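Welcome! Let's take a friendly walk through a pair of helices and the residues around them.

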Amino acid sequence: MSSLAVKFSGKTTTCKVEIDYGISNSLPSIVNKSTAYIITDKNLVKCHKAYFDRIIKHNNNIKAMLVLPAGESTKNYRTQMKIHRWLLDNGADRDSILVGVGGGVICDLVGFAAATFMRGGEHVLVPTTLLAQVDASIGGKNGINMAEAKNMV
């Protein structure tokens with residue numbers, strides 16, 4: 001299968017959508033210019049641990065990986081602060097790239113973290129579910145939940 005890349009440009013930003021089988025071939029070219037930090041969830045690591053280990057081992061620009069609990073209950077302010085603290089503790093800066101690999105929860109968290117960490121930075125989302133592909137990964141519609149309602153922040 002060959003990859004397909006499409007760019008969407010607006011007045012202030014450009015979004016590139018790349019469709020491919022797996023990320024092992026394209027991830028090195030995406031993160032080669034900057035340090036990268038992967039955020040994913042326990043379900044993906046459980047199923048694809050060898051894959052994540054290989055990507056991290058063979059890409060010197062990937063500095064660390066944060067594994068979060070899976071599920072909607074993770075998409076909250078406490079987790080967002082945990083991500084920000086983890087980024088600081090691991091030397092991330094404004095030029096770092098956040099890479100979210102997962103479903104809608106991970107894509108929402110990583111998109112929101114990228115927008116709020118050091119006043120905004122670059123991120124790459126690798127959606128692993130159909131809902132994440134059409135809802136969380138394109139268009140910048142990311143957020144976290146409050147106790148009273150979903151996607152309020």
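## Starting at Gln 80

Gln 80 lies in helix H3; helices here are DSSP runs of H or I with at least four residues, strands are E runs of at least two, and both are numbered from the N terminus. This is a predicted model, in which local features need pLDDT of at least 70 and side-chain atom pairs count only at pLDDT 80 or more, while totals for chains, interfaces and linings use all residues. Residues are numbered from 1 along each chain as its sequence is written, and side-chain values use heavy atoms, with hydrogens and water left out.

Is Gln 80 buried or exposed? With a relative accessible area of 1%, Gln 80 is buried (buried means under 20% relative accessible area, exposed over 50%, and partly exposed in between, using a 1.4 Å probe and protein chains only). Leaving aside neighbours within four places in sequence, Gln 80 is in contact with Leu 109, Phe 112, Ala 113, Thr 116 and Ile 144, where contact means heavy atoms within 4.5 Å.

## How H3 meets H4

Several of those partners bring us to H4. The axes of helix H3 (residues 77-89) and H4 come within 10 Å and cross at roughly 55°. Axes are lines fitted to C-alpha atoms, for helices over the stretch in contact, and angles run from 0 to 180 degrees between N-to-C directions. H3 and H4 are therefore oblique to each other (angles under 35 degrees count as roughly parallel, over 145 as roughly antiparallel, 65 to 115 as roughly perpendicular, and the rest as oblique).

On the H3 side, Thr 79, Gln 80, Ile 83 and His 84 take part, and they meet Leu 109, Phe 112, Ala 113 and Thr 116 in H4. The residues of this contact divide into four nonpolar, four polar and no charged. Here Ala, Val, Leu, Ile, Met, Phe, Trp, Tyr, Cys and Pro count as nonpolar, Asp, Glu, Lys and Arg as charged, and the others, Gly among them, as polar.

## H4 on the inside

Why can we call H4 largely enclosed by the rest of the structure? Because 10 of its 13 residues are buried. Among them are Val 105, Ile 106, Leu 109 and Phe 112. The buried residues of H4 pack against strand S3 (36-41), strand S4 (62-68), H3, strand S5 (97-102), S6 and H5.

At 1.5 Å a residue, the 13 residues of H4 should span 18 Å, and its end C-alpha atoms are 18 Å apart, which agrees; the expected span is 1.5 Å times one less than the number of residues.

Thr 74 is found in the loop between S4 and H3. At 5% relative accessibility, Thr 74 counts as buried. Its contacts, not counting residues up to four places away in sequence, are Leu 68, Pro 69, Thr 79, Val 105 and Leu 109.

Leu 88, in helix H3, is partly exposed, with a relative accessible area of 43%. Beyond its neighbours within four places in sequence, Leu 88 is in contact with Phe 117 and Met 118. The C-alpha atoms of Leu 88 and Met 118 are separated by 9.8 Å, although the two residues are 30 apart along the chain.

## Positive phi angles

Arg 119 has a positive phi of about 70° although it is not a glycine. Arg 119 sits in the loop between helix H4 (104-116) and strand S6 (122-127), and is exposed, with a relative accessible area of 77%.

Where is Asn 151? Asn 151 lies in the segment after helix H5 (130-136). Its phi is near 55°, a positive value in a residue other than glycine, and Asn 151 is partly exposed, with a relative accessible area of 37%.
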